[in-house]
Amino acid sequence: MTPIYQTSTYVQEAPANHKGYEYARSQNPTRKALEDALAIIENGKYGLAFSSGVAATDAVVKLLQPGDEIVAANDMYGGTYRMFTKIFQKFGLKFHFVDMHNAENIKKYINSNTKLIWTETPTNPLMNVTDIAAVAAIAKENKILLAVDNTFASPYLQNPLYLGADIVMHSSTKYLGGHSDVIQGALIMNDTDLREKLYFIQKSCGAVPGPMDCFLVLRGIKTLHLRMHQHCVNGKKIAQWLRSHPKIGQVFWPGFEDHPNHSIAKKQMKDFGGMLSFELKSENAEESKKVLSKMKLFSLAESLGGVESLCNHPATMTHASIPREERLKIGLTDSLIRLSVGIEDADDLIDDLQQAIG
Ligand SMILES: Cc1ncc(COP(=O)(O)O)c(C=O)c1O
């Protein structure tokens, strides 16, 4: 097994003559093994590991200069929106939040200052799907970097670099770690110059993960394919069960044939994953909160992608940092419930939903 190099500094042969490792903010052998594994599973040349998913996103935005413009999805993880609007806007970056359901929508926000397109697919929490290849074509034509947050799909289901993206980002906290015991992020890319710039940001700004956490994500990656397979099987069963329940309104899951971008999901993903969200027919937020409080096997918690199922109330939890008017504009209502379907017995999970929904 890869040792956990619990090492902050490395003995050198002579001044300016080291043995490949100087100081662990710059390099650590456990992290190096993980970064190589990240590159391999995303079919990229280079991987970089960060202390969290948001730290990985932060590094990408730091490639930019004041005055640069970013076209970002209008439906994505609330923490990404918060970073863009509350941290980076004040440094002179301009963000356009765009409905990327149709890639063509992006075109009218592109000008000579546009330097980055940021997308997430499927999106958190509404499971919208963006056509990565179509967005990549627009990005290439305009010489703009395309970064894709691939957290929900995981590298098992979708490989954005194959579809033309320049950078893949992961919250490794989720499916890569897989056991809800580590916070970590990742970037994967092919371009050597881009890797050097991102590595420079990584070591200069210092958001690096510790060796124990790198070991945990390395271990998680070994079972990614088995876990993802079961997440997909269970996700499908639960999505279909919810849809047939008389008290349930809309169910958001890209595997349904009438999902607005089902054909794109089918084209760019191997399967549809274990994330889904739904509304009660009553569309009553208090009712939704009651359902969430009654769940037993689904634990009420932030995060996703672990082997144990989680349930979440995006309006007050993961997406509370997005103003209510903005949330409502994209259809993220106060009554929406998000599920991260784990790998437990699917019938047990359905029994839990049945007793909670009634
Ligand atoms: C899609 C997505 N991207 C990024 C993040 C941020 O990752 P982290 O919590 O590891 O910083 C999250 C966290 O929930 C997420 O769901």
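**Figure 1. Residue classes in the lining of the largest pocket.** In this predicted model, the lining of the largest pocket comprises 6 nonpolar, 10 polar and 6 charged residues. Here Ala, Val, Leu, Ile, Met, Phe, Trp, Tyr, Cys and Pro count as nonpolar, Asp, Glu, Lys and Arg as charged, and the others, Gly among them, as polar. A pocket is an open set of points on a 1 Å grid over the protein atoms alone, with protein on both sides within 12 Å along at least five of seven lines; lining residues have an atom within 4 Å of a point. Local features need pLDDT of at least 70 and side-chain atom pairs count only at pLDDT 80 or more, whereas totals for chains, interfaces and linings use all residues. Residues are numbered from 1 along each chain as its sequence is written, and side-chain values use heavy atoms, with hydrogens and water left out.

**Figure 2. Elements that form the largest pocket.** The volume of the largest pocket is about 360 Å³, a volume being the space filled by probe spheres set on grid points joined across faces, edges and corners. Of its 22 lining residues, Val-54, Tyr-77, Ser-171, Thr-173 and Lys-174 lie nearest the centre. Helix H2 (53–61), helix H3 (78–88) and strand E6 (167–171) each contribute at least two lining residues, and the largest share, 3 residues, comes from H2. Helices (H or I, at least four residues) and strands (E, at least two) are DSSP runs, numbered from the N terminus.

Figure 3. The ligand takes up the space of the largest pocket, where a molecule sits in a pocket if more than half of its atoms lie within 2 Å of its grid points. Around the ligand are 14 residues, of which Val-54, Asp-149, Ser-171, Thr-173 and Lys-174 come nearest; a residue is near if one of its heavy atoms lies within 4 Å. The protein buries 93% of the 390 Å² that the ligand exposes when taken alone (Shrake-Rupley method, 1.4 Å probe).

**Figure 4. The largest cavity.** A cavity is a set of grid points where a 1.4 Å probe fits but cannot get out. The structure holds 1 cavity of 30 Å³ or more. Residues lining the largest cavity include Pro-122, Phe-152, Met-269 and Gly-273. This lining divides into 8 nonpolar, 2 polar and no charged residues.
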